[in-house]
Amino acid sequence: MKLRSLIYIVIAGSVITSTFSCTKLNEEFKGELEEGTSNVEPGALLITAYNSLNTPYQQEQRWVMQEVSTDAAMAPTRGGDWDDNGMHRAIHLHTWNADNGYMNNTFVSLGTAIYNAGNVLRYKPSAQQAAEARFIRALTMFDMLDLYGVVPIREGASLEDFRIAPEVLQPQAAIDYMVKDLTEIMNSLPENGPTEAYVANRNAAKVLLMKIHLNRGAFLNRQAPTFAAEDMNRVIALAKEITATGAYSVSAKGKYFDNFAPNNDVKSTENIYTLFNKNGERGGNVDRTWNTIAHYNMRPGGWNGWCTLSDYYDKFTDVDERRGIYYEYDADTTSNKSKKYHRQNVGFFAGQQYNWTTNQPLMARNPANAPLSFTREVTIRTSGATLETAGIRPMKYAFDYGVTGQRNNDWVVYRYSDVLLMQAEAILRGGTGAASDALDLVNDIRTNRGVTVFTTLTLDNLLDERARELYWEGWRRQDLIRFGKFLLAWQEKAADPDPKTLVYPIPSQQIAVNPNLVQNPGY
């Protein structure tokens, strides 16, 4: 327990820089560490590293910064609810500053995961354990670089002496570091398929490399991203290697939500890397996918909060199964299934909602005589008669009614359809391959989603297809930056007057404790 405490004391690689009692504190930390080094189990430390991904990823910190900052998601203030000193509104409106709570909380969580992964390597792990830890480190370094433009990291002496401030990698150095790490560990990672996607694996490392190469030009120049042919060809080659394994296929018609089901570890044909959630064992708060959007009177009741914008919703046709369907699954114990009401239970909830026990229309709570009908219209501040009903509510993870406590839906990080969409994009951006090849890749996905095929593929309709396929999976901000659209106006958000918002500020608290950190321009 003392070792575990130490790990979290030094969250985000921060260091106590005050001279007051610094030596004594460091001696105490080292004493606690050395006390248990003889029986430190690297496997247990590896589980700690895996677990540290739960908070930033499962529709919380990283997710908010990647989705609520875009046209895909909004967290409106509803009367006195969801205000939090404007913290959520600022993310959507791009009016954040270095003291916004999401800045520091996400930085700390990602930094903790980077540290915990690196800590595994200190205790003679097996080759596979070391490879898994280095994958986790690269995964979280990638998001740290994407969000903040730099990556603080503890290695060598700074892991042993916390008076030494962690090194701060600039974009090119961080990219080189991740590519080297992932290349070196590739053959030590297992070749798992969808049923064991919660274990860091060879194909997950290839997806991460694809994302590094696809976004390299954006990380180096966010205002004017470039796409080198060698990067695009590497994306294409990695995608072909993943396809050639035969382990994955685009979900069949009617099976899109298998990827997010309570037993998605068994049913998905697409999931390449996920976060492990299992009742009675371990996991993260996947309940948030429901709680943040569901009204109090729905079953289960939620917090009546987040929504999407109608322009985003309108990207879907009414026959697109991704927009919402009745999805039959084992863990649904409601009358909606047993009595065959078959009301929509996944996707975008719009219009009148129904009680899944009685099949009667639900009513709002206040006023109680108002139908619970989610409206297209929503503002960043809502009040009055539409307080509870404003906004269309997306929910991808079918609720696990079969358990109390930790739900069993594994959280999806990488899917095969994303691999194909990245491959198509790399071809359009100058990589080897014909335009017809890219079109075929996208149309294979569209056919399985029940929508008509494209006759031509452009960067614009490819971006829209990524919006449809990957909604609320944590990629929208990154996509909009790469496609040059993040600074544009959309519903409830004016055009950004300053390109500084293409990267988030370094949290004030972190600059105060790490002299190697320099605030991003404009903040």
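Pro300 sits in the loop between helix 14 (288-291) and helix 15 (310-313). Helices here are DSSP runs of H or I with at least four residues, strands are runs of E with at least two, and both are numbered from the N terminus. The model is predicted, and local features need pLDDT of at least 70, side-chain atom pairs count only at pLDDT 80 or more, and totals for chains, interfaces and linings use all residues. Residues are numbered from 1 along each chain as its sequence is written, and side-chain values use heavy atoms, with hydrogens and water left out.

The bond between Arg299 and Pro300 is a cis peptide bond, with omega about -5°. Another cis bond runs from Asn366 to Pro367, where omega is near 5°. Pro367 belongs to the loop between strand 7 (351-352) and strand 8 (373-374).

A further backbone feature is found at His94, which has a positive phi of about 65° although it is not a glycine. His94 lies in the loop between helix 6 (87-93) and helix 7.

The axes of helix 7 (residues 101-120) and helix 8 (residues 127-148) come within 8 Å and cross at roughly 155°. Axes are lines fitted to C-alpha atoms, for helices over the stretch in contact, and angles run from 0 to 180 degrees between N-to-C directions. Helix 7 and helix 8 are therefore roughly antiparallel to each other, a term for angles over 145 degrees. Their crossing is left-handed, meaning that the near helix is turned anticlockwise from the far one by less than a right angle. Residues of helix 7 in the contact (heavy atoms within 4.5 Å) include Tyr102, Phe107 and Leu110, and those of helix 8 include Ala133, Ile136 and Met144. By class, this contact has 14 nonpolar, 5 polar and 2 charged residues. Ala, Val, Leu, Ile, Met, Phe, Trp, Tyr, Cys and Pro count as nonpolar, Asp, Glu, Lys and Arg as charged, and the others, Gly among them, as polar.

Helix 7 also meets helix 3 (residues 42-51), and the two axes come within 8 Å and cross at roughly 165°. Helix 3 and helix 7 are therefore roughly antiparallel, and their crossing is left-handed. Pro42, Leu45, Leu46, Thr48 and Ala49 of helix 3 touch Asn116, Ala117, Asn119 and Val120 of helix 7. This contact has 6 nonpolar, 3 polar and no charged residues.

Another helix pair is made by helix 18 (residues 435-448) and helix 19 (residues 459-469), whose axes come within 12 Å and cross at roughly 35°. Val442, Ile445 and Arg446 of helix 18 make the contact with Leu462, Glu465, Arg468 and Glu469 of helix 19. By class there are 3 nonpolar, no polar and 4 charged residues.

The last stop is the largest pocket, which holds about 350 Å³ of space. On a 1 Å grid over the protein atoms alone, a pocket is an open set of points where a 1.4 Å probe fits, with protein on both sides within 12 Å along at least five of seven lines; lining residues have an atom within 4 Å of a point. Grid points are joined across faces, edges and corners, and the volume is the space filled by probe spheres set on the points. The lining has 19 residues, of which Gly149, Arg222, Val503, Asn520 and Pro521 lie nearest the centre of the pocket.

Technical notes
Parallel < 35°, antiparallel > 145°, perpendicular 65-115°, else oblique.
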